[in-house]
Amino acid sequence: MATMEIRSARKTYGTLCVLEDINLSIGDGEFIVLVGPSGCGKSTLLRMIAGLEEISAGEIRIEDRVVNDLPPKARDIAMVFQSYALYPHMNVADNMSYSLRLRKADKPTIADKVRDASAKLGLGALLERKPKALSGGQRQRVAMGRAIVRQPKAFLFDEPLSNLDARLREQMRAEIRKLHRALGATSIYVTHDQVEAMTLADRIVAMHGGHIQQVGTPLELYDRPANLFVAGFIGSPGMNFVEGAVELGTFVMRDGTRLPLPEGMPETLGGATLGIRPEHVTLGEGLAAEVELVEPTGHGIILHLRLAGAVFRVLTTDRRWLTPGDQVQVGLPAGALHLFDESEQRVAPAPHPQQ
Amino acid sequence: MLKTIAHRVAILCFIAFSLFPLFWLLKVSVTPNDLLYSEGVRLWPSRVTLDHFSFVLANSEFPRFFGNSLIVSGTTAVCTTILAALMGYALSRFRFRGKLWLAGLLLVTQMFPLVMLVAPIFKILAPLGLTNSLAGLIVVYTAFNVPFASFLMQGFFDGIPPDLEEAAMIDGADRFTAFRQIILPLGLPGIAATLGFVFTAAWSEMIFALMLISGNDKATFPVGLLSFVSKFSVDYGQMMAAGVLALIPACLFFLMIQRYLVQGMTAGAVKG
Ligand SMILES: Nc1ncnc2c1ncn2[C@@H]1O[C@H](COP(=O)(O)OP(=O)(O)O)[C@@H](O)[C@H]1O
Ligand SMILES: [Mg+2]
């Protein structure tokens, strides 16, 4: 198992810069999730770590060894591709043992390791099958098996679950988590799905436009998003935002609605954005709003409200019967408010006096 | 129902139309000389004979032509396919400076009529002692077939996802091993199609064979066929018998690879 260190890494294609100033330290056995919208450079970064893309500038170290110029085979990492990339002309056992055969492992060792890996993944009965005779979920497992069979220093995953249906994805997500706990191998997992990121990660690396936006534990990103992008990206349904300004410790919305801010927030701030998560909005006392849409989720409902000229989503488990057009009152608890300045960065409340 | 019948009939008509010359070849080859002109135009002679075949095999130089052709076409097909596979892979996978120019240049070579090039090629090959030799023919045929065959192979490789060799490289292969063990086996249909294409092209090539080879020793079969034409007459029976025999290797070859061929053409066409 291994530590990794990425220093000032950059990637350019001709004049197009797709990754800039990437810095990241990964601890031994850590499960890191790179998350961000499509096209933000997650796969490129993963492929640079794997050795499939050249590193335009900066440095990548695996276990204190600079690997910039090492070919993939010398980096001792395994990778699971979104397409699974199973070798179509080999059966499951041969797919899994290919890496061992390249390393000239002897037959009994290979048989042992393939048996172990296939038992872990429930593939025992499928060893003779060719990939095209497998279901999507089974192919996914074989791809995982191929990665774990040779006990590499680190695992890389590039959206491994995005071709599966929702139920299977949930199941595999749990299995990947268990597998990681059992093997304890350093893992880097790429996804555009923030739920996957939240549930799998020890630490999340949120990316956008070729830059790292924030690195932290899932709850850190959820509770204290560093900027507007992370605030909007993490959490589902997404955070509500209202634009306005801070005057005398009060947030003034565009239409003049006033909202007191908690202590420790700046006294004045022109061009600010206020955010609150749908699950933190309370129904009852507070600002007047009109129901625009009601989406039952079974577990609760998502209300789309018109509040101070903006659309506001509220997640509630209250099954009260509301229909579009109803008037409600919503509370925005001071402790659940997030404030962002003009440059979209989080404005942290000063620590509470008595803490 | 009616549609399928119409479809079938159309296909049958087409097959009949395209196979008719081959049928005529066969018919003349088994028609005895004395019936050839006396019976007029009829689909099958009243009497058949294999005399032409036995004469061609036993008393003419045809077996030598046949052997020469096999050597030339087989070697050309193998050399061209190896070169085209490497070239096609590079065109499909690598980004390098001047790639567009290279591809353009390859296309340009395909635009000249061969006849134009006979004289310069002869001039080039003569001092090298490659005229009147099978090796010379092989070199020329290979050179002329590599560009198109490379594009053909590039199409097939484009249809194989690059993920596969990347997975192999991560599994511990270097690029060439990945090419050999993963991409080549998957590219077999394309390779078979290319082999077949080049083999038949070389098998039936006539202009260079005629110009670069003098004398019957090194003649390939299309040139050899002309020896059945003398100043005063054409021995149609023997010529056709030789023609029928010459079809055999091409047919065998295509029978062998037809499974891959269909697969290869559709793979190249659909996935592209
Ligand atoms: N070979 C390439 N040439 C030029 N641009 C590329 C190449 N590969 C990727 N890109 C660009 O790099 C950006 C990041 O791509 P990628 O890492 O695949 O994003 P993600 O995996 O986050 O969706 C994209 O804008 C993409 O268009
Ligand atoms: Mg990607």
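**Reading an interface**

Mentor: We may begin with the contacts. In this predicted model, 17 residues of chain B are in contact with 23 residues of chain A.

Trainee: Which residues of chain B lose the most area to chain A?

Mentor: They are Glu166(B), Ile170(B) and Asp171(B), which together account for 39% of what the chain B side buries. The area buried between chain B and chain A is about 1700 Å², and carbon and sulfur atoms give 62% of that area.

Trainee: How many salt bridges are counted between chain B and chain A?

Mentor: A salt bridge pairs a side-chain nitrogen of Lys or Arg with a carboxyl oxygen of Asp or Glu within 4 Å. The count between these two chains is two. One pair is Asp171(B) with Arg150(A), where the closest N and O atoms are 3.6 Å apart.

Trainee: Which helices of chain B supply at least two residues each to the side that touches chain A?

Mentor: They are helix H8 (163–171) and helix H9 (175–203) of chain B. The largest share, eight residues, comes from H8(B). By type, the residues of this side of chain B divide into nine nonpolar, three polar and five charged.

Trainee: What does UniProt list for residues 178–203 of chain B?

Mentor: The unreviewed UniProt entry lists them as a "transmembrane region", along with others including residues 100–122. In the model, residues 178–203 of chain B are 100% helix, and their end C-alpha atoms lie 33 Å apart. Residues 100–122 of chain B are 83% helix, with end C-alpha atoms 31 Å apart.

How values were computed:
Residues numbered from 1 in each chain as written. Chains lettered and ligands numbered in written order. Predicted model: local features only at pLDDT ≥ 70, side-chain atom pairs only at ≥ 80, totals over all residues. Heavy atoms only, no water. Contact = heavy atoms within 4.5 Å. Buried area = accessible area lost by both parts, 1.4 Å probe. Helix = DSSP H or I, 4+ residues; strand = E, 2+ residues; numbered from the N terminus. Nonpolar A, V, L, I, M, F, W, Y, C, P; charged D, E, K, R; others polar. UniProt positions renumbered as here; feature names shortened; annotations may be inferred.
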